[in-house]
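The tour goes from the whole chain to single residues.

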Amino acid sequence: MDSLASILAADPSLAATPEAAATLARAAASPVPDFVGANLPVYLEISSMITAAAPPAQRDAVHQAVSRELTRFVATDVRIMPPLQPETIGNAPRQAPEVGGPGFKVGSFTVYPEVQAGLFYDNNIYDTRTGKVADKVGSISPRIALKSNWDRNALYAEAGTDLTGYLTKGSENTVDWHALVEGRIDVDRNTRVLLGASTLMEHEDRASPDAVEGLTPTPYWEQNGYAGVVHRFGDFSVRAGGAVERITFGNVEATHGSINNHDRDRNRYTFGVSVRDDAQPGFRPFVEFLEDLRRYDHSPDDFGYRRNSDGYRASIGALFRISPALSGEASVGVMARNYTDPRFKTITTPAADANIRWQAADNTAAVVFLDRSIEETTLSGSSAYIYTVTGGRVEQTLSPDLTGFVRAAFAHSEFQQSSRWDNEADMSVGVRYYLTSLFYIGADYRYTQRVSGDSTVNFSRHQAYLMLGTAF
């Protein structure tokens with residue numbers, strides 16, 4: 001941000017027209033996915049800084065061009081729009097946050113309200129292989145974010161809710177919410193401390209491999225807290241930190257009584273360190289190690305298994321910028337888990353993750369991603385499943401007011417000590433039309449499918465979605 005301020009001070013013409021401002025925004029946003037911490041407030045700050053430097057007569061047009069350029073970055077920033085996990089593969093299409101209006105200044109903070117409302121048709125709300133039930137659904141998702149405007153240190157907070165209502169199957173209605181706060185303490189120019197916490201309540205999707213056949217969706221609560229430090233030693237950047245995650249599931253009623261989900265309640269503790277060589281901006285190799293402990297409240301669970309486990313993930317990789325248009329991060333390594341229950345075998349398997357962003361043309365941006373992880377399961381006799389997901393998203397500006405996108409994700413779940421495997425596909429296409437710089441409408445079509453070694457959990461699903469939103 002200091003570099004952007006210096007560039008604008010030296011050459012204000014870079015923000016004088018919408019075209020020049022959009023080009024500058026693109027250049028300023030390119031390194032943001034490499035940052036440590038929340039990315040969305042950085043995009044918001046870039047928008048505010050460039051818009052403030054524009055001539056008053058051009059300010060609205062400049063802001064409109066910059067916000068649309070940055071929204072495309074947000075939609076292809078893997079950390080903001082993470083790969084779909086299997087428990088969310090059937091949800092309504094998730095929308096990227098908007099870099100909309102300039103917000104409202106309140107003292108040394110800026111407040112950014114946003115709301116999205118939509119209607120969608122779902123031809124298989126229970127994700128069943130046969131006997132599909134269709135319904136029409138309405139949703140509204142207000143969100144408010146707050147960002148500090150301090151010269152040193154930073155604070156970002158966000159809260160929002162997702163309200164979903166079904167036209168005929170009211171038992172599927174849900175009220176989800178989330179809140180998070182993240183702070184950055186600038187100790188000196190070489191040392192930063194990061195602190196954060198979040199809490200949420202959501203409902204397990206019917207497509208989750210752990211979903212139970214309750215009369216209503218299963219609610220769960222999650223609390224996270226983390227702390228870390230980033231310090232630079234010459235050309236080397238060292239990150240170290242830890243996090244605590246608490247997840248609690250609610251019981252639900254079924255046809256033959258109550259289903260106990262509390263045997264899934266657990267804590268997760270992670271500790272890690274990463275060392276990166278920043279001597280060459282175009283290629284910054286790193287090594288990292290993560291220790292991961294998972295502890296269940298009830299051991300054994302309702303099926304008699306002790307699911308407590310210890311694990312680790314060790315990786316080598318690099319951040320790279322091959323050209324101003326092509327950049328990303330990739331790593332490979334090994335991950336393992338060892339279980340308390342002697343019936344569960346130790347899992348040792350390759351680890352890999354990657355996300356690559358390509359600005360193919362002024363109006364075209366694409367991202368591809370890959371991730372492998374070891375996930376918890378409730379499947380009797382199985383310790384976990386190895387989850388591999390890969391996919392991508394393309395954002396295309398079709399006209400100054402119209403943006404289109406195509407997204408696809410493919411996942412494979414390999415359940416350990418079990419004959420079950422799941423292959424899942426999630427594909428969508430959509431458009432977004434900007435009525436003004438603050439208001440937009442959108443339409444999505446989405447197709448999801450699961451093919452499994454256990455044919456009883458196979459399903460396919462079509463969704464059509466119409467959205468209206470605003471971001472101030």
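**The whole chain**

Begin with everything selected and colour by secondary structure: the protein chain has four helices and 21 strands. The radius of gyration is 23 Å, close to the 23 Å that the globule rule gives for 472 residues, so the chain is as compact as a globular protein of that length. Keep in mind that this is a predicted model.

Show the C-alpha trace next. Along its principal axes the trace spans about 70 × 55 × 40 Å.

**Surface and charges**

Of the 472 residues in the chain, 46% are buried.

Colour the charges next. There are 44 positive and 57 negative charges in the chain.

**Helix α2**

Select residues 18–29, which form helix α2. How far apart are the end C-alpha atoms of this helix? They are 16 Å apart. At 1.5 Å a residue, the 12 residues of α2 should span 16 Å, so the two values agree.

Now show the side chains of α2. Its buried residues are Pro 18, Ala 21, Ala 22, Leu 24, Ala 25, Arg 26 and Ala 29. Within the list, look at Pro 18, Ala 22 and Arg 26, or at Ala 21 and Ala 25.

**Two loops with a positive phi**

Go to the loop between β3 (135–148) and β4 (154–166) and select Asn 153. Asn 153 is not a glycine, yet its phi is positive, about 65°. Is Asn 153 buried or partly exposed? With a relative accessible area of 26%, Asn 153 is partly exposed.

Then move to the loop between β18 (402–415) and β19 (421–434), where Gln 417 is found. Gln 417 is not a glycine either, and has a positive phi of about 55°. Its relative accessibility is 38%, so Gln 417 counts as partly exposed.

**A cis peptide bond**

For the last stop, select Pro 300, in the loop between β12 (283–296) and β13 (309–323). What kind of peptide bond joins Ser 299 and Pro 300? The bond is cis, with omega about 10°.

Key. Residues are numbered from 1 along each chain as its sequence is written. This is a predicted model: local features need pLDDT of at least 70, side-chain atom pairs count only at pLDDT 80 or more; totals for chains, interfaces and linings use all residues. Side-chain values use heavy atoms; hydrogens and water are left out. The radius of gyration is taken over C-alpha atoms; the globule rule is 2.2 Å times the number of residues to the power 0.38. Buried means under 20% relative accessible area, exposed over 50%, partly exposed in between (1.4 Å probe, protein chains only). Lys and Arg count as positive and Asp and Glu as negative; His and the chain ends are not counted. The place of a charge is taken as NZ of Lys, CZ of Arg, CG of Asp or CD of Glu. The expected span of a helix is 1.5 Å times one less than its number of residues.
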